[in-house]
Amino acid sequence: MGSREFSQLMDGYLLTTAHILYRLPDYPLLLQSYVWQDYDLAPDFPVLAKFLDFWNRRLDGPIHSVRVVQKGVICPPEIRTAEGVYTLH
């Protein structure tokens with residue numbers, strides 16, 4: 001991870017994944033899947049909006065739907081307690 005990515009994380013950017021369904025130009029009844037991932041800011045998602053604008057201007061397949069999820073890369077550790085202790089021979 002370079003210094004650009006680290007500074008983005010410190011500014012509140014989160015790892016954003018977008019699952020894009022789009023129609024094939026030659027077969028409009030078929031949907032194709034594309035997964036996009038980058039660091040972005042919620043709720044406006046400027047990086048994703050720029051990518052989707054590029055898609056609409058330059059690519060032939062019209063977008064059907066976009067599903068977006070985010071996950072913080074720098075976050076407190078997740079702690080889980082053990083349910084029991086087991087001994088194996």
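Rings of Phe, Tyr and Trp (for Trp, its six-membered ring) form a pair if their centres lie within 6.5 Å; planes under 30 degrees apart count as stacked, over 60 as edge-to-face and the rest as tilted.

**View 1. The aromatic cluster.** By this rule the protein has five aromatic pairs. Ring pairs join Y22, Y34, W36, F51 and W55 into a cluster. The model is predicted, and local features need pLDDT of at least 70, side-chain atom pairs count only at pLDDT 80 or more, and totals for chains, interfaces and linings use all residues. Residues are numbered from 1 along each chain as its sequence is written, and side-chain values use heavy atoms, with hydrogens and water left out.

**View 2. The pair Y22 and W55.** The planes of these two rings stand at 70° with centres 5.0 Å apart, so the pair is edge-to-face. Y22 belongs to strand β1 (residues 14-23) and W55 to helix α2, 33 residues apart; helices (H or I, at least four residues) and strands (E, at least two) are DSSP runs, numbered from the N terminus. Y22 is buried, at a relative accessible area of 17%, and W55 is buried at 4%. Buried means under 20% relative accessible area, exposed over 50%, and partly exposed in between (1.4 Å probe, protein chains only).

**View 3. The pair Y34 and W55.** Here the ring centres are 5.7 Å apart and the planes at 65°, so this pair is also edge-to-face. Because Y34 lies in strand β2 (residues 31-40) and W55 in helix α2, the pair ties together parts 21 residues apart in sequence. Y34 is partly exposed, with a relative accessible area of 36%.
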